[in-house]
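Here is my note on the model, point by point. Please keep the structure open while reading.

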Amino acid sequence: MNDTTILEAVDLRKAYGHGLQRMPILDGIDFRVRKGDFVSVVGPSGCGKTTLLMALAGLSQPDTGEVRFRGQPVTQPPQGLAVVFQDYSRSLFPWKTARENVIFAMRDTAQKTRQERRDRADELLAAVGLKEFAQKYPWQLSGGMQQRVAIARGLASESDLLLLDEPLAAVDAQTRADMQDLILELAQRFDQTCLLVTHDVDEAVYMADKVIVLSRRPTSVATEIPVDLGKRRDQLATREQPGFLHARHEVMERIRSYRSQMAG
Amino acid sequence: MTRALLWSRGAVSLIFVLALWQAVALSGAVPAKFFPGIPAIIDGARQMIATGELPRNEILTLGRALTGLVLASVAGIALALLSDASPFFDRGFRTISSLLQPVPPAAVVPMAIFALGLGIKLYIFIILLVSIWGPYLNGAAALRAVPREQILTGRMLGLSPAAIMFRIKLPAAMPQIFAGIRYAAAVSLIAVVVAEMLAGRDGIGFLLVRKSFSIRIPETYALMFVTMFNGVLLALLVNLARRVLTGWHVRQTGASK
Amino acid sequence: MIPLRKPADYAPILMPLIVVAIWALAAASTSSPLFPGPAKVAQAIWHNFSTIMVQLGATLTRVVIGFAVAAAITVPLGIMLGRLRIIGQLFEPVMDMLATLPPPAIVPLVMLFAGTGDAAKITMIAFAAAIPLLMNTYEASKTQNEMANLVARSLRLSRFETMLRVDLPAALPMIATGVRMAVAAALLVSVTSEILLATDGIGVFLQRQQENFQIAGGLAGIFFISLTGLVVNTLILAFEKRWLFWHYRAQEDAK
């Protein structure tokens with residue numbers, strides 16, 4: 001069991017400010033992600049999801065506690081871990097084409113020659129449905145398409161774990177549903193372990209094998225809810241299954257309890 | 001940021017620059033003869049004030065810069081309106097402006113003295129030549145970019161084309177025109193100083209050259225600070241005019257922050 | 001089918017011709033040697049062509065050297081000041097004050113230190129070009145895109161690699177603006193220094209024409225300076241179009 005754990009958060013704590021202004025953000029986060037899983041992290045707004053993701057990615061350090069990736073403590077961005085950021089308009093480089101943006105992530109991968117990298121980038125762009133757009137610049141693409149380039153770039157580093165930071169927060173509802181299915185399909189096709197941070201409860205349940213519900217700030221893990229719906233999901237059928245509705249109900253209830261506490 | 005904070009930040013910066021200057025002067029890294037301390041520079045300024053040559057020339061320089069800037073702004077806006085009204089003029093003037101724009105003012109001064117003498121006409125001509133482009137280019141671009149809805153609103157109200165131009169398009173373009181005028185203010189001061197340097201009769205630019213040629217080093221530095229001060233002063237004046245004329249925009253952008 | 005042309009399409013050629021025609025008529029009606037018409041100026045261009053070229057060559061040589069020296073020092077310095085926040089903020093007021101100094105005022109100042117020779121003139125030009133270059137490079141690398149840097153870090157780029165492959169391209173559009181300002185300042189200071197400290201160069205040529213009442217010759221000289229400025233600007237714009245199109249197109253699309 002333990003040997004399949006790929007990412008582990010052990011009692012993560014972080015606070016901003018000093019003295020009286022000290023504001024604890026993360027207050028003892030513990031969870032695990034197993035290889036091959038799709039895990040969602042969901043929590044009430046303003047609960048420090050981004051802070052958590054930064055710590056998991058090795059982009060910032062927790063005050064105490066530890067992130068372990070493949071058993072090794074994370075102190076800086078480790079090899080084999082890729083991030084897709086929420087803000088696609090700024091995370092893609094405007095001076096590189098879609099293809100060049102994807103190739104930029106192939107630093108430690110098997111593709112060494114120029115041609116190999118090109119072929120691999122085109123393959124990934126085809127996988128996200130952007131076959132004909134390899135030569136386009138990000139600013140020539142719609143928001144949804146830009147985020148697909150960012151996802152292709154995330155896949156390009158051939159990582160063991162892909163962190164997705166609210167990747168669909170800024171796209172419209174229809175695109176959002178399509179992208180959810182695309183990400184699920186890609187995760188299976190490339191056997192990609194994923195950790196999705198989101199504020200959308202439906203999305204969290206629909207995508208995941210396991211939902212980690214965070215408490216409000218100072219944040220800890222409120223509960224973990226397994227989602228037993230199998231690997232194949234369908235926007236209509238899955239959302240009507242009792243298992244989906246049950247998991248959704250549980251997550252919703254948790255988050256609502258925090259909301260009413262805040263209001264009170 | 002509040003204005004008081006901005007001002008105090010400016011004051012702290014000024015003190016820092018002066019302190020740094022004094023420290024370099026005292027360190028002896030540069031011979032004191034070439035790099036006098038702040039007290040020596042103040043002394044130089046005081047002497048020039050006592051003889052009256054600094055206030056007299058300062059008034060001349062500022063007066064020239066301001067007159068030129070106002071005329072260049074008015075002319076630039078007029079050309080921008082003309083460009084907006086006539087596509088023929090717009091396209092044609094672009095060729096002419098691309099030839100006139102890169103001319104360094106210094107190159108024109110010798111010939112201009114010939115034609116215009118050493119009086120105010122010379123300075124107005126040189127300033128117009130270099131300062132007109134900011135208000136003109138910004139104005140033409142802003143007039144083109146006025147939202148269609150605003151123009152249609154005017155038409156629905158039965159306004160004539162001229163009324164739409166002056167009562168809707170021009171006010172809408174004013175904030176961007178002022179950005180051009182702010183740039184023109186800096187350029188007009190450059191033009192005045194260089195024209196005074198080369199015309200060689202009066203003004204801060206002339207004084208700067210004369211003090212430098214006669215190796216009056218503290219005075220030269222004092223005059224350098226005066227030209228910097230003039231730049232700040234002119235920028236403040238433009239900002240004041242902007243607040244008076246486009247107060248709505250200042251409040252709109254201030255409120256959204 | 002030939003596309004229908006509007007009168008405005010002929011304006012770029014027609015309007016300058018109209019201006020020249022008016023000029024010619026005005027000059028013919030006064031017939032004063034102090035107000036030469038376009039034909040006289042064309043003649044003067046023909047007569048003085050080789051002199052102007054030699055003098056302009058001397059001017060441009062100094063401009064190029066001065067500009068190169070300025071760029072070599074200020075671009076790395078600007079990036080460094082932008083990256084090292086604290087030092088940058090300390091020197092920000094110094095840079096702000098230098099930016100308000102009119103470039104020609106540099107001429108008498110540098111003269112105090114360096115005299116009036118070629119080296120002094122190159123120093124003046126370098127100084128004038130350095131200020132806009134430094135300001136723009138500093139501003140560009142100060143306002144670095146946080147997100148781009150996060151991406152670079154998550155892709156495990158080294159500091160140097162990030163600077164070269166992320167920071168520098170991101171800063172180039174603003175540096176290019178600085179280059180255009182620097183070229184204008186360099187040309188201005190170069191001509192000013194030549195007129196004041198006469199030795200050679202196009203500024204000296206202009207001064208001589210004035211002293212000898214050769215208005216047409218002077219206008220011919222100005223024509224070539226303007227042409228030089230136009231060519232340099234066009235080259236810089238072409239470079240920006242070729243290498244920095246992503247910046248301008250992205251801005252247009254954002255509107």
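**Notes on the predicted model**

1. Chain B has twelve helices and zero strands. Helices (H or I, at least four residues) and strands (E, at least two) are DSSP runs, numbered from the N terminus. Along the sequence, the pattern of chain B reads α-α-α-α-α-α-α-α-α-α-α-α. The C-alpha trace of chain B spans about 70 × 50 × 30 Å along its principal axes. Of the 257 residues in chain B, 49% are buried. Buried means under 20% relative accessible area, exposed over 50%, and partly exposed in between (1.4 Å probe, protein chains only).

2. Conventions. This is a predicted model, in which local features need pLDDT of at least 70 and side-chain atom pairs count only at pLDDT 80 or more, while totals for chains, interfaces and linings use all residues. Residues are numbered from 1 along each chain as its sequence is written, chains are lettered from A and ligands numbered from 1 in the order in which they are written, and side-chain values use heavy atoms, with hydrogens and water left out.

3. The core. The largest nonpolar core holds 124 residues. Such a core is a set of buried Ala, Val, Leu, Ile, Met, Phe, Trp, Tyr and Cys residues joined through side-chain atoms within 4.5 Å. Among the residues with the most contacts inside it are B:W21, B:F93, C:M124 and C:I225. Helix α9 (residues 161-199) of chain B gives the most to this core, with 20 residues. Domain 1 (1-35) and domain 2 (37-256) of chain B each supply at least three residues; the domain bounds come from an automatic or database domain assignment.

4. An open sheet in chain A. Four strands take the order β2-β1-β4-β5, with antiparallel pairing. Two strands pair if DSSP finds at least two bridges between them. β2 (23-34) and β5 of chain A stand at the edges with a single partner strand each, so one side of each has no neighbour in the sheet. Nine bridges join β1(A) to β2(A), and A:A9 stands opposite A:F31 there. Five bridges join β1 (residues 5-16) to β4 (residues 64-69) of chain A, where A:L7 faces A:F69.

5. Which residue takes a positive phi in the hairpin of β4(A) and β5(A)? A:R70 does, near 50°, and two residues lie between the strands. The two strands pair over two bridges. A:R68 has A:P73 in β5(A) as its bridge partner.

6. Salt bridges. The criterion is a side-chain nitrogen of Lys or Arg within 4 Å of a carboxyl oxygen of Asp or Glu. A:E158 and A:R120 meet in one (3.9 Å, N to O). This pair links distant parts of the chain, 38 residues apart: A:E158 is in the loop between α5 (143-156) and β7 (161-165), A:R120 in helix α4 (residues 114-127). A:E158 is partly exposed at 36%, whereas A:R120 is buried at 13%.

7. A:R233 is buried at 12% relative accessible area, and A:D209 is buried at 19%.

8. A local pair in chain C. C:E139 and C:K142 form a salt bridge (3.7 Å, N to O). They are three residues apart in helix α5 (residues 118-142) of chain C, so about one helical turn separates them. C:E139 is partly exposed at 25%, and C:K142 is partly exposed at 22%.
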